[in-house]
Amino acid sequence: RAVGIEIQDIPNKYAHDMDKNFEFLMAWYGKRYSPYELYGGSFLDLSTEWKNVRNNKKGDAHFDWKREATVIFVNNYAFSADLNLELKNAFNELAPGTRIVSTKEFCPVDFKINDRNAGKYIGSIMRVKELKSVEDGFSWTNRAVKVFLSTIDNTKLQEYYDSKSQKSKVKTSDRSSSSSPVMDESMARNSKTTKANLKINAPTKKASKVKVEPIQEQSDRKRT
């Protein structure tokens, strides 16, 4: 199932004519195709506000793209900053794994999560990569246009917090394994005191000498 939403009247008129021609060609060649729906309106409005391009009736649509879409193509190259911001807010409601193909990235390709933007920016739950550009791939320009693939991935934010928690555990372990400065100072003092006691208690060279009277002299005194 494919659903197309366009807010401008002229593109919707062309879509109506192309729809008739497409059905004719498929029937002529006996080809089968998947069902698709065409609506006029804003994708930021409820589907009940859209008009069916085929019969110009309102209220035919029963489609919540935020919950049902699995692949979204949005040609946001010329969108205003405010409109792109509204889309980012809407993307927060998309299911994990939803892919968005756009002509302008919704967050930088090299976006990295930190304490300031964690959980506050769409890049916290979105992985973005640039696809190979195709020259003359769009009707409104003959130049190569950059195309980006964004995938909703809530595990990206969880990985950041897990990594942060692991780093905190490593730092705590390093601190507990090393002695504190107070203990180092106390050990140094004890070492100095021990050395000082050894010096005091050690026998000096002078104290080890003992004066002995000659035996021969005492013997001579007895004879006299």
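Student: Where does Asn56 lie?
Tutor: Asn56 sits in the loop between β3 and α2 (65-68). The strand and helix labels are DSSP runs, counted from the N terminus: helices are H or I over at least four residues, and strands are E over at least two. Before we go on, this is a predicted model, in which local features need pLDDT of at least 70 and side-chain atom pairs count only at pLDDT 80 or more, while totals for chains, interfaces and linings use all residues. Residues are numbered from 1 along each chain as its sequence is written, and side-chain values use heavy atoms, leaving out hydrogens and water.

Student: Is Asn56 buried or exposed, and why?
Tutor: The test is relative accessible area with a 1.4 Å probe, for protein chains only: under 20% is buried, over 50% is exposed, and partly exposed is in between. Asn56 counts as exposed because its relative accessibility is 55%. Its backbone is worth a look too, as phi of Asn56 is near 60°, a positive value in a residue other than glycine.

Student: How many helices and strands are in the protein chain?
Tutor: The protein chain has six helices and seven strands. Along the sequence, they follow the pattern β-α-β-β-α-β-α-β-β-β-α-α-α. Of the 224 residues in the chain, 25% are buried.

Student: Which order do the strands of the three-stranded open sheet have?
Tutor: Two strands pair if DSSP finds at least two bridges between them. Here the order is β1-β2-β3, with mixed pairing. β1 (2-6) and β3 (51-52) are the edge strands, each pairing on one side only. β1 and β2 (residues 36-40) run parallel and are joined by five bridges, whereas β2 and β3 pair in the antiparallel sense over two bridges.

Student: What is the bridge partner of Glu6 in β2?
Tutor: Glu6 is partnered with Gly40, and Ile5 with Tyr39. Gly40 also stands opposite Lys51 in β3.

Student: Which way do the residues of β2 point?
Tutor: In a regular strand, side chains alternate between the two faces of the sheet. In β2, Tyr36, Leu38 and Gly40 point one way, and Glu37 and Tyr39 the other way. The strand is mostly covered, with five of its five residues buried.

Student: Where does helix α1 lie?
Tutor: Helix α1 (residues 9-29) lies across β1 and β2, and runs at about 160° to β2. Such angles, from 0 to 180 degrees, compare the N-to-C directions of lines fitted to C-alpha atoms, for helices over the stretch in contact. Together β1, α1 and β2 make a right-handed β-α-β unit: with the strands pointing away from the viewer, the path from the first strand over the helix to the second runs clockwise.

Student: What order do the four strands of the other open sheet take?
Tutor: Their order is β4-β5-β7-β6, and the pairing is mixed. β4 and β6 stand at the edges with a single partner strand each, so one side of each has no neighbour in the sheet. Direction ignored, neighbouring strands of this sheet are turned by 20° against each other on average. Inside it, β5 (residues 99-102) and β7 run antiparallel, joined by four bridges, with Ile100 opposite Ser150 in β7.

Student: Which residues touch the most other members of the largest nonpolar core?
Tutor: A nonpolar core is a set of buried Ala, Val, Leu, Ile, Met, Phe, Trp, Tyr and Cys residues joined through side-chain atoms within 4.5 Å. In this core of 26 residues, they are Trp65, Phe91, Leu94, Ile100, Phe106 and Met126. The largest share, three residues, comes from α3. Apart from this core lies another, of five residues, including Val101 and Phe138.

Student: Where is Asp153 found?
Tutor: Asp153 is in the loop between β7 (145-152) and α4 (155-177). Asp153 counts as buried because its relative accessibility is 18%. Contact means heavy atoms within 4.5 Å; neighbours within four places in sequence aside, Asp153 is in contact with Ser124, Ile125, Met126 and Arg127.
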